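My notebook is open and I have a new chain to look through.

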Amino acid sequence: MGSDKRKVVLVGCGMVGMSYAYAMMNQQTCDELVLIDYNKERAEGEAMDLNHGLAFSASHMKILSGSYDDCKDADIVTICAGVAQKPGETRMDLLARNTAVFKSIIEPVTDSGFNGIFLIATNPVDVMTKVACHLSGFNPKRVIGSGTSLDTARLRYLVGSYLKVDPRSVHGYVMGEHGDTEFVPWSQVCVSTKPVQEIIANSNGKYSFEELEKIEIDVRTAADKIIAAKKATYYGIGIALTRLTKAILGDENSVQTVSAYLRGEYHQNGVFAGVPAIINASGVQSVLECRITEEEQAKFDASCAELKAKVLEAEQA
């Protein structure tokens, strides 16, 4: 961290970026927030609009529009810029266009002297996190993708609703790609310390394993349903990004499900994928390896193979 002042620069003032900014303002996440957008007038208007709400907020954030020079002393640069996903379009369909967008962003950020943490939200997020790492030349520990953080929140919400418990008491993770090959390692999902699979097995038919399969599908397809209904998803990811930002700025050492670079963990190397990881002021301190089953490992391997293929595609773009 550069100083005691907690400074975040947001690149991309679309719906995701501004949902993130609004959530940060309401949660008093940082001391200074700088907005950057290719449409400078939009960034100025968004900063003005947020500032007008400060009188009703407990936050004392300094909010302004700026330029890439403002990244020099930032703790975090969060990138939400990119082309939006359209109905019927996969996150991977966005790859070539968003790779071009990143090439225009990363260089001026690093040229400013920025030495903090990159937080990436642009889809396909796992691949774009690898692109950001490659273009910046940063240590992979300091380049974090939002990964399956939102998918994990969706999982906990749905399991909590099904079992009628507070989702905050549900512990488990969605792993792999933030996309079609993501999966739930059910062997790791618990309510408090009691495995969900054990709860279902001992429920005398009250709960079913078939419902877990439906929940996993609902988690995987949630974004598609939201996009079909309202054209885009932004509130959930905005709050998820805020949680990750607080973990970094607060040097929390908290476990978050992010797109992290793997160096042998889960038998994978050289790929960014959604895994539980310990997050603090230095970025990804370490990846938390859970004892997943052989079947779950095979699903993770398949997801990483898909991501590696897409990274090659991105590097050739």
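Before anything else, I need the cut-offs for accessibility: a residue is buried when its relative accessible area is under 20%, exposed when it is over 50%, and partly exposed in between. I also note that this is a predicted model.

**Entry 1: S187**

I found S187 in the loop between β7 (170–171) and β8 (190–191). Which residues does S187 touch, leaving aside its neighbours within four places in sequence? I listed Q197, R291, I292, T293 and E296. I then checked S187 against E296: they sit 109 residues apart in sequence, yet their C-alpha atoms are 8.6 Å apart in space.

**Entry 2: G88**

Next I went to the loop between β4 (76–79) and α3 (95–111), where G88 lies. Is G88 buried or exposed? Its relative accessibility is 88%, so I put G88 down as exposed. I looked up a distance here as well: the C-alpha atom of G88 is 7.7 Å from that of D224, although 136 residues separate the two along the chain.

**Entry 3: the whole chain**

Those two pairs made me curious about contacts across the protein chain. Taking contacts with a separation of 6 or more, I see that 69% are between residues 24 or more positions apart. I counted up the elements too: the protein chain has 9 helices and 12 strands.

Then I looked at overall dimensions. The C-alpha trace spans about 60 × 50 × 40 Å along its principal axes. For 317 residues, a compact globule would have a radius of gyration near 20 Å; this protein chain has 19 Å, so the two agree. Of the 317 residues, 53% are buried.

**Entry 4: α1 and α8**

I picked a helix pair to look at. The axes of α1 (residues 15–26) and α8 come within 8 Å and cross at roughly 55 degrees. That angle is between the 35 degrees for roughly parallel and the 65 degrees where roughly perpendicular begins, so α1 and α8 are oblique to each other. I noted the crossing as right-handed.

Which residues make the contact? From α1 I wrote down V16, S19, Y20, A23 and M24. From α8 I wrote down Y235, I237, G238, I239, L241, T242 and T245. Sorting the residues of this contact gave me 8 nonpolar, 4 polar and no charged.

I finished by going through some backbone angles. What kind of peptide bond joins N123 and P124? I have it down as cis, with omega about -5 degrees. P124 has its place in the loop between β5 (117–120) and α4 (125–136).

Two residues have a positive phi without being glycine. One is N204, with a phi of about 55 degrees. I located N204 in the loop between α6 (196–201) and α7 (209–230); at 78% relative accessibility, N204 is exposed.

The other is K231, where phi is near 80 degrees. K231 is in the loop between α7 and α8 (235–249). Its relative accessible area is 58%, so K231 goes into my exposed column too.

Terms used
Residues are numbered from 1 along each chain as its sequence is written. This is a predicted model: local features need pLDDT of at least 70, side-chain atom pairs count only at pLDDT 80 or more; totals for chains, interfaces and linings use all residues. Side-chain values use heavy atoms; hydrogens and water are left out. Helices (H or I, at least four residues) and strands (E, at least two) are DSSP runs, numbered from the N terminus. Buried means under 20% relative accessible area, exposed over 50%, partly exposed in between (1.4 Å probe, protein chains only). Axes are lines fitted to C-alpha atoms, for helices over the stretch in contact, and angles run from 0 to 180 degrees between N-to-C directions. Angles under 35 degrees count as roughly parallel, over 145 as roughly antiparallel, 65 to 115 as roughly perpendicular and the rest as oblique. A crossing is left-handed if the near helix is turned anticlockwise from the far one by less than a right angle, and right-handed if clockwise. Contact means heavy atoms within 4.5 Å. Ala, Val, Leu, Ile, Met, Phe, Trp, Tyr, Cys and Pro count as nonpolar, Asp, Glu, Lys and Arg as charged, and the others, Gly among them, as polar. The radius of gyration is taken over C-alpha atoms; the globule rule is 2.2 Å times the number of residues to the power 0.38.
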